[in-house]
Amino acid sequence: MSKRLLILDDESAVAQTMEVVARRSGFDVRCCVDPAVFFVELERWQPSHVVVDLVMPKMDGIEVIRLLASRGCAAWLIVTSGMGAKILESARRVATQRGLNFLGLLPKPFTPKALRELLDCPPPQDSLHSQQSMWAAYTEDDITPEVLEQAIACEQFELHYQPRLQLSSGRLAGFEALVRWEHPDLGTIRPSRFIPMAEACGLIGALSDWVFRTGLRWLAGQPASREVSLSLNLSPSALQDLALADALSAQCAQLGLATQRVTLELTESSAVRNFGDALDILTRLRIKGFHLSIDDFGTGYASMTQLSRLPFTELKVDKSFVMSMVGSSESRDIVAASLDLGQKLGLTTVAEGVENTGTLQLLKALGCDQVQGYLLARPMPADAARDWTPSL
Ligand code: C2E
Ligand code: MG
Ligand code: MG
């Protein structure tokens, strides 16, 4: 393996000293003062060794170490700092716990000899793992907030679209956008694996922004002959975002889309839990012309009063009841009562999770307006959805 050293240190004089020493030890050397440049070099140049300074104005060294780990960096790591032994020891723990190939600590001020000894020492074989084996050992348990944050920054996501049909005519009514994480090693990851983490770690705003932008652009690219609508899922934290209605309608205006073609779905449970906030935000969205759907209905225990006070335009019965309604009279009763309530409140009624024709017939008899489910189509990539036509 060629000896390549990448240095990240905001003090260029220190970096230059390291460079001279390393070159004498036969290394090719590159120096960066900016973490962003460092990560670009890391990808492009694939160094065998990296030196990371712990204290920098733009990003501290611990954050750099965590990012190195989340990218599966296989280079030998040297951590340097003038912050004292305790801090350096903690940095060593962070690096080894996260599975990095840790080579050693370089307390500042350092002597050329100390650096030379580190660079010249043969790497300990027992802890050596190549990039390949590190990735092979990568499992879903390794999905951490840092990895997710990185994935959002690199837009490692794809939107899939699932159609909805008008039950009376069999015509296409619209699509729901459902996000998937296209992980380079784990493949496609379903939203149930990462949306809760994104919500818990404050990353859902950035992810939702990407979903909204991508979904609306896709809708704007639909043939003019297809006046379909698009449903987007709102996270509970959207209810704290007073600027949401303005931001979304500005995006629609920019794309030449009527806001009436966009439905925002909020789960029944989050609407109930945050009733006050929901009322504010949903009213604003409705004033701008967006349609509003109460998603997963039947699981959140909304009262009739709460429902009638929130400005929803659509009620979507939860798939758990729809999927079991052929075999369970209890589920059938819940679906029937939900549809009845929706109809009384003047809402468009939708059943999700329609998997067979028996269910479809029952829903028809109950007067359900629209259906969505595997019987019609599974969620599909953007291009497939653009060409999709119903065959019921
Ligand atoms: P949801 O909004 O209730 O979406 C419907 C889910 O049911 C989707 O799962 C869809 O693939 C699945 N589904 C549709 N038809 C059938 C069927 O016939 N049978 C069965 N068994 N399942 C069916 P998915 O894509 O895994 O999404 C799960 C949940 O993740 C969504 O539930 C939604 O709450 C959330 N989610 C998805 N995309 C986003 C997003 O962009 N933002 C936010 N905040 N949440 C999202
Ligand atoms: Mg939904
Ligand atoms: Mg749902």
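**Figure 1. The donors of the magnesium ion (ligand 3) follow the spacing D-D-x55-E along the chain.** In this predicted model, the protein donors of this ion are Asp295 (OD), Asp296 (OD) and Glu352, which is listed with two OE donors. They lie 2.0 to 2.5 Å from the magnesium ion (ligand 3). Asp295 is in strand 11 and Glu352 is in strand 13 (residues 348–352), so the pair ties together parts of the chain that are 57 residues apart in sequence. Take a moment to find both strands and follow each one to the metal.

Figure 2. Where in the fold does Asp296 lie? Asp296 belongs to strand 11, which covers residues 291–297. Look at the backbone here too: Asp296 has a positive phi of about 55°, although this residue is not a glycine.

**Figure 3. The magnesium ion (ligand 2) and its protein donors.**

**Figure 4. Asp295 bridges the two magnesium ions, ligand 3 and ligand 2.** How far apart are the magnesium ion (ligand 2) and the magnesium ion (ligand 3)? The distance between them is 4.2 Å, and Asp295 coordinates both. If you have already looked at each ion by itself, this view puts the two sites together.

**Figure 5. The contact between domain 1 and domain 2.** The chain is divided into domain 1 (4–123) and domain 2 (137–387), and their C-alpha centres lie 46 Å apart. The contact takes 5 residues from domain 1 and 4 residues from domain 2. Between them the two domains bury about 420 Å², with 44% of that on carbon and sulfur atoms. In domain 1, Arg66, Ser70 and Arg71 lose the most area to domain 2, together 70% of what that side buries.

**Figure 6. Salt bridges and polar contacts across the interface of domain 1 and domain 2.** Side chains of opposite charge can pair when their charged atoms come close. How many salt bridges are found across this interface? There are 2 salt bridges, and there are also 2 residue pairs in polar contact. By class, the side of domain 1 that touches domain 2 has 1 nonpolar, 1 polar and 3 charged residues. For an example of a salt bridge, look at the side chains of Arg98 and Glu146, which meet at 3.3 Å, N to O.

**Figure 7. Glu227 forms a salt bridge with Arg261.** The closest N and O atoms of this pair are 3.8 Å apart. Glu227 is in the loop between helix 9 (204–220) and strand 9 (229–233), while Arg261 is in the loop between helix 10 (244–255) and strand 10, so distant parts of the chain, 34 residues apart, are linked. The count of salt bridges comes to 19.

**Figure 8. A cis peptide bond from Lys108 to Pro109.** The omega angle of this bond is near -5°. To find the spot, look for Pro109 in the loop between strand 5 (101–107) and helix 5 (112–120).

Conventions
Residues numbered from 1 in each chain as written. Chains lettered and ligands numbered in written order. Predicted model: local features only at pLDDT ≥ 70, side-chain atom pairs only at ≥ 80, totals over all residues. Heavy atoms only, no water. Domains from an automatic or database assignment. Contact = heavy atoms within 4.5 Å. Buried area = accessible area lost by both parts, 1.4 Å probe. Salt bridge = Lys/Arg side-chain N within 4 Å of Asp/Glu carboxyl O. Polar contact = N/O pair within 3.5 Å; in protein donor to acceptor, adjacent residues only side chain to side chain. Nonpolar A, V, L, I, M, F, W, Y, C, P; charged D, E, K, R; others polar. Donors = N, O, S within 2.8 Å, 3.2 Å for Na, K, Ca; no water. Helix = DSSP H or I, 4+ residues; strand = E, 2+ residues; numbered from the N terminus.
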